[in-house]
Amino acid sequence: MTLELKPSYFCHKTSVVDFPCQIGKGTKIWHFSHIMPNCIIGKNCTLGQNVFISSGVIVGDNTKIQNNVSLFDGVICEENVFIGPSVVFTNVINPRSEINRRSEFKKTQIKEGATIGANATIICGISLGEYSFIAAGSVVTKDVLPYALVMGNPSRQVGWVSKYGHKLNFDSKNIAICNITKQKYFLEKNSVKLIK
């Protein structure tokens with residue numbers, strides 16, 4: 001008699017998981033998704049419909065990936081990341097159909113707590129800073145600072161946001177207070193820090 005272990009995560013019957021891969025406890029994988037071998041998905045993640053996770057991808061705990069998103073080799077998401085519906089990632093700067101550029105894949109780092117709005121495009125080889133906020137429809141072509149709010153095509157920074165996701169307004173002493181959490185932030189030399 002063989003003992004079958006029940007997975008510690010949920011996977012909809014229409015989705016495909018290719019082993020070996022690592023999927024954390026409490027994670028939910030919804031309809032028509034495909035998880036490739038040799039990727040890591042953390043605990044308590046949510047993957048919406050039609051999500052593709054390539055080999056080599058790392059997804060941190062508590063990350064939410066909405067419908068119709070593909071994470072290609074080279075994408076690393078830290079914990080508590082939000083990726084909106086139909087966000088597009090790339091992994092080669094100058095793709096050509098007839099030229100194999102697998103050895104040229106570039107790493108894209110999404111730091112803890114970052115949010116990427118619906119239909120944004122993230123060009124490979126950049127880093128999105130901790131708790132940065134990428135507005136819907138943006139085309140991000142360069143690194144984004146922690147707590148930065150960026151939007152547009154190409155994206156540009158238009159402000160700063162709190163860890164809670166609200167716009168920060170700095171006073172003459174370069175101090176801002178989140179309206180919701182009442183946490184204080186300090187702006188110095190184009191860098192925002194949460195004051196503990």
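This is a predicted model: local features need pLDDT of at least 70, side-chain atom pairs count only at pLDDT 80 or more; totals for chains, interfaces and linings use all residues.
**Exercise 1. Surface and overall build**

*Solution.* The C-alpha trace, taken along its principal axes, spans about 70 × 45 × 20 Å. Finally, with buried meaning under 20% relative accessible area, buried residues make up 40% of the 196 residues.

**Exercise 2. The nine-stranded sheet**

Work out the strand order of the open sheet that nine strands form, identify its edge strands, and describe how β19 is joined to β21.

*Solution.* The order of the nine strands is β1-β4-β7-β10-β13-β16-β19-β21-β22, and their pairing is mixed. The edge strands, each of which pairs on one side only, are β1 (10-11) and β22 (156-160). Within this order, β19 (residues 133-134) and β21 (residues 148-151) run parallel and are joined by two bridges, with Phe-133 standing opposite Leu-149 in β21.

**Exercise 3. The four-stranded sheet**

Find the pairing sense of the open sheet formed by four strands, and state which residue of β11 stands opposite Phe-52.

*Solution.* The four strands follow the order β2-β5-β8-β11, and the pairing is parallel. At the edges, pairing on one side only, are β2 (16-17) and β11 (70-71). Strand β8 (residues 52-53) pairs with β11 over two bridges in the parallel sense, and the residue opposite Phe-52 is Ser-70 in β11.

**Exercise 4. The hairpin of β24 and β25**

Describe how β24 and β25 are connected, and decide which residues of β25 belong to its covered face and which to its uncovered face.

*Solution.* Strand β24 (residues 184-188) runs antiparallel to β25, and five bridges join the two. Leu-187 stands opposite Val-192 in β25. The two strands form a hairpin with two residues between them, and Lys-189 in the turn has a positive phi of about 50°. In a regular strand the side chains alternate between the two faces of the sheet. For β25 (residues 191-195), the covered face holds Val-192 and Leu-194, whereas the uncovered face holds Ser-191, Lys-193 and Ile-195.

Note on methods. Residues are numbered from 1 along each chain as its sequence is written. Side-chain values use heavy atoms; hydrogens and water are left out. Buried means under 20% relative accessible area, exposed over 50%, partly exposed in between (1.4 Å probe, protein chains only). Two strands pair if DSSP finds at least two bridges between them.
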